[in-house]
Every structure is written in structure tokens, then in C-alpha cells.
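Keep the structure open while you read.

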Amino acid sequence: MNHEETTKILALLSASYPEHFQKLTSVQQQTLANVWQNRLTNEPYELVNTAIQHIIDTSPFMPHISDVKNTIRLFTTEPPMSEQEMFNRILKAVRNSTYNSEEEFNKLPEDIQKIVGSSYTLREWALLPPESIHTVISSNLQRSYRSNVRYVEKYNAISEDIKQKLIGGGYLNIPRISEPKIIPIH
């Protein structure tokens, strides 16, 4: 989004939330415009405009930049599968893993593979009594999956420019930040 587009967005917000803008001095208005321009520079104008219109329709409060970015993520990110769907996929793989664990493991989506850990784990689970899988293992898988979904959501909320600054400054371990890791359970 460029400066002219940022000005259009702020004009729309000013018309929708006049009480917020009435309090601002001209210096504060310029600072506000600079901050919005800086933080939304990599976002397409049409997407920001659509997010702003959605916020105007649903919130009586002037949005923060984080509200706009969260709305954009809501519009552009596919929701993760549910915990139950994840468990059902694993259960299907377990049922055929006594002798075909590697093939079944390879059929699982990568995020589920990371939670399971290995084809050997599927084979171990296939040898357990079914009630063990439906109780303790199910609970642990769902907790691990939930935790990892939250982590990936938080990781995806970090803007690319901030990721690059953190990596370039040596503040974050490159492997840790370059790809969200999912912690396997055994």
C-alpha cells in the first residue's frame, strides 16, 4: 500500500470514527499516517480496504493496525483442520499400520506427520488395545495439535519485515523462525 492509498484508508476511518481523529493534532495525524503506511506497506490496498470495511461493519471502535492485519489473515488463511479431523486421520492410518506403517505415515499431511513423529510410532499404536488410542493417545494428540496450531498462528502473525530483522540481527535462531516446528509426541 502506498502513501496515497494509506491516506484514503485513513480518510475512510476518519469518516467512520470521527471522534478518534478530532482529538489528534496535525503532528499526531502525520505520525499516524506514517505508522499505518509503514506497517501496511506490503499489503494490497484492496485487501486492506476490504478489511477496514468489514471492521467498520462489525466494530464501533477505531481499529488498531493489528485488527486490520488479523482481519486480513482471517480473509486469506485457510482454517486449520479440527482436532477431531486430525485424530480421525491418524486413527485411519493406525488401523492399517501393523504391516504398512511407513506407507500410512507418508499418506498423512506434513503437519500431522510432525505430531506423530515417525512411522514406527504408528506401528506401535496399531499394536495397542483400541481403548488406549481413544483415551490417552487421543488426548495427548489433541493437546499437541492445539498447541502447535496456536504456535503456527502466532508465527504467521509476525510480519515478514520483522522476521527478517530478527534473523538478520541474530536475535532468533534461523531454523526456529524459518519454519514453524511441530513437537512430536510419543
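## Helix 10

Start with who is tucked away: the buried residues of helix 10 are Ile-133, Ile-137, Ser-138, Leu-141, Gln-142, Ser-144, Tyr-145, Asn-148, Val-149 and Tyr-155. Buried means under 20% relative accessible area, exposed over 50%, and partly exposed in between (1.4 Å probe, protein chains only). Helices are DSSP runs (H or I, at least four residues), numbered from the N terminus.

Helix 10 has a kink of about 40 degrees centred on Ile-137; the bend at a residue is the angle between axes fitted to the seven residues ending there and the seven starting there.

## About the model

This is a predicted model, where local features need pLDDT of at least 70, side-chain atom pairs count only at pLDDT 80 or more, and totals for chains, interfaces and linings use all residues. Residues are numbered from 1 along each chain as its sequence is written, and side-chain values use heavy atoms, with hydrogens and water left out.

## Helix 9

In helix 9, the buried residues are Ser-119, Thr-121, Leu-122 and Trp-125. They sit on the same side of helix 9 because they cover an arc of only 155 degrees around the axis, taking directions from the helix axis to the C-beta atoms. They pack against helix 6 (83-95), helix 7 (97-107), helix 8 (110-116) and helix 10.

Take Ser-119: with 18% relative accessibility, Ser-119 counts as buried. Leaving aside neighbours within four places in sequence, Ser-119 is in contact (heavy atoms within 4.5 Å) with Ser-101, Glu-102 and Phe-105.

## Glu-46

Is Glu-46 buried or exposed? Glu-46, in helix 4 (residues 45-58), has 53% relative accessibility, so Glu-46 counts as exposed.

Technical notes: Helices (H or I, at least four residues) and strands (E, at least two) are DSSP runs, numbered from the N terminus.
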